[in-house]
Amino acid sequence: MKKNLLALVISFVVVGAVFANGQSEGAASTTAKSDSITIGVSTWSINDSLGSQVKRMLDAAASELGVKVVYIEQSHKSEQVISSVENLCASGVDGIVICNSADAEMARVIPIAQQNKVCIAQFFRKIGDPAINKIALDSSYYIGCTHEDETANGYELGKILVQDKGCRNIGITSYRVGDATANARIAGYKQAIADWNSAYPSDKAILMNVVDDKYTSEEARQAVEGMIDANPTMDGLIVVGGGGQPLEGALAAIKAKNLVGKIHVASTDFTTNLGQQLADGEMSAMSGGHYADPLFSFMMVYNAVKGNYTKTPDKYLEVIFPMMFVASAEDYAAFDKYFIQSLPYNPEELMKMANSSFEELKMTAASLSIQDVASRH
């Protein structure tokens, strides 16, 4: 226990002792607050492009609901993922939302939450392993998950590469063997290429073998440089892992080889300078805009703690969140207006969401798009 508490203190120092006490963004709501509720957030980072947007969205919700939020960064390293949940439980949180890195971690995380009687929900993730899924179903404290249709995500990006950008020799790098999200995206990419080849057998595209477990920028850079050296005609690159360090390294490799605009790059998780990257040809296709995904897991846990949502023995709550796709600077400009310059949900909408039934919450998530926000705001 002493070790866990020490780790907790260190984690708080790392994230700057981040507590969203209802005043971090915008004016405090006059609606009745839930001052006694504390929700922990176990996440890979709160500082990269996606992580910082996630924090911004959750802080806004916490502000309106009067919920305290504790962030712990675990870098998607399995032991840190597990210890983050131990530490949050030891600190006395009422609920946890977590972005884990592999299914196997949930086999340990869920029992920890159960033992401590702490509600827990995943974001950006779903459990793929049947045996671990049974652990989730059997737990009275595993509330559910919010995730994207990652197979459809990979399929759409793969189609853009082969159909719209004309790529025929495509490299692919991923991260974290066993990550259900990465595996689903890869399946979608493969299906898009297979469907193209079936429809156009005389103009086939080649998808190289996945080079995986590339998480850091340097690992990704070396992997992509090796791909280019081994495949001089490479004209496309898929970075499965997203718009953080892996993409940074991949783009650095392409720049070093003087192949910007000649190798079309597709990935997921909008970067902070995506508009410029699209205009310059560094990026050719990107899916993202999904930083509000964790908000719905946060609302699940909030309502479970309050007793509004109950877990049945054979089913947990599941929200499928829509991705947005951009393939030009013009596409991104519209996203920037409604998702970066402001949040997709205003204070009144956040309060309404917190008081919604789960079916209403699901419908709210499913309807999110640039057009949806433009019509509401």
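Which residue in β3 does Gly 40 stand opposite? In the predicted model described here, local features need pLDDT of at least 70 and side-chain atom pairs count only at pLDDT 80 or more, while totals for chains, interfaces and linings use all residues. Residues are numbered from 1 along each chain as its sequence is written, and side-chain values use heavy atoms, with hydrogens and water left out.

Gly 40 stands opposite Ile 96 in β3. Strand β1 (residues 38-43) and strand β3 (residues 95-98) run parallel and are joined by 4 bridges; two strands are taken to pair if DSSP finds at least two bridges between them. Helices (H or I, at least four residues) and strands (E, at least two) are DSSP runs, numbered from the N terminus. The protein chain has 15 helices and 12 strands. Of its 377 residues, 55% are buried, where buried means under 20% relative accessible area, exposed over 50% and partly exposed in between (1.4 Å probe, protein chains only). Among contacts between residues at least 6 apart in sequence, 79% join residues at least 24 apart; a contact means heavy atoms within 4.5 Å.

The β1 and β3 strands belong to an open sheet of 6 strands with parallel pairing, in the order β2-β1-β3-β4-β5-β11. The edges are formed by β2 (68-73) and β11 (317-321), each with a single partner strand, so one side of each lacks a neighbour in the sheet. Neighbouring strands are turned by 15° against each other on average, direction ignored. Helix α11 packs on this sheet and touches β1, β2, β3, β4 (119-123), β5 (142-148) and β11. The direction of α11 makes about 165° with that of β5; axes are lines fitted to C-alpha atoms, for helices over the stretch in contact, and angles run from 0 to 180 degrees between N-to-C directions.

A further set of parallel pairings involves β8. Strands β6 and β8 pair in the parallel sense over 4 bridges, with Gly 236 in β8 as the bridge partner of Ile 170. Strands β8 and β9 likewise pair in the parallel sense over 4 bridges, and Val 239 stands opposite Ser 267 in β9. In a regular strand the side chains alternate between the two faces of the sheet. Both faces of β8 are covered, with Gly 236 and Ile 238 buried on one side and Leu 237 and Val 239 buried on the other.

Thr 173 lies in strand β6 and is buried, with a relative accessible area of 2%. The side chain of Thr 173 reaches the backbone oxygen of Val 211 at 3.2 Å. Residues up to four places away in sequence aside, Thr 173 touches Val 211, Lys 214, Met 227, Ile 238, Val 239, Val 240 and Gly 241.

Helix α7 (residues 180-199) has 20 residues and should span 28 Å at 1.5 Å a residue, which agrees with the 29 Å between its end C-alpha atoms; the expected span is 1.5 Å times one less than the number of residues. Its buried residues include Thr 181, Arg 185, Tyr 189 and Trp 196. The cover over the buried residues of α7 includes α6 (150-164), β6 (169-173), β7 (206-207), β8 (236-239) and β9 (264-268).

The whole structure contains 12 aromatic pairs. Rings of Phe, Tyr and Trp (its six-membered ring) pair if their centres lie within 6.5 Å; planes under 30 degrees apart count as stacked, over 60 as edge-to-face and the rest as tilted. The ring centres of Phe 270 and Phe 335 are 4.6 Å apart and the planes stand at 85°, so this pair is edge-to-face. Phe 270 is in the loop between β9 and α10 (274-280) and Phe 335 in helix α12 (residues 329-340), 65 residues apart. Both Phe 270 and Phe 335 are buried. Tyr 291 and Phe 339 form another edge-to-face pair, at 6.5 Å centre to centre and 85° between the planes. Tyr 291 lies in the loop between β10 (285-288) and α11 (293-306) and Phe 339 in helix α12, so the pair ties together parts 48 residues apart in sequence. Tyr 291 is buried at 3% relative accessibility, and Phe 339 is buried at 0%. Ring pairs link Phe 270, Tyr 291, Tyr 332, Phe 335 and Phe 339 into a cluster.

Val 326, in strand β12 (residues 324-326), has contacts that include Phe 270 and Tyr 332. Val 326 is buried, with a relative accessible area of 3%.

Terms used: A polar contact is a pair of N or O atoms within 3.5 Å; within protein, one must be able to donate a hydrogen and the other to accept it, and residues adjacent in sequence count only if both atoms are side-chain atoms.
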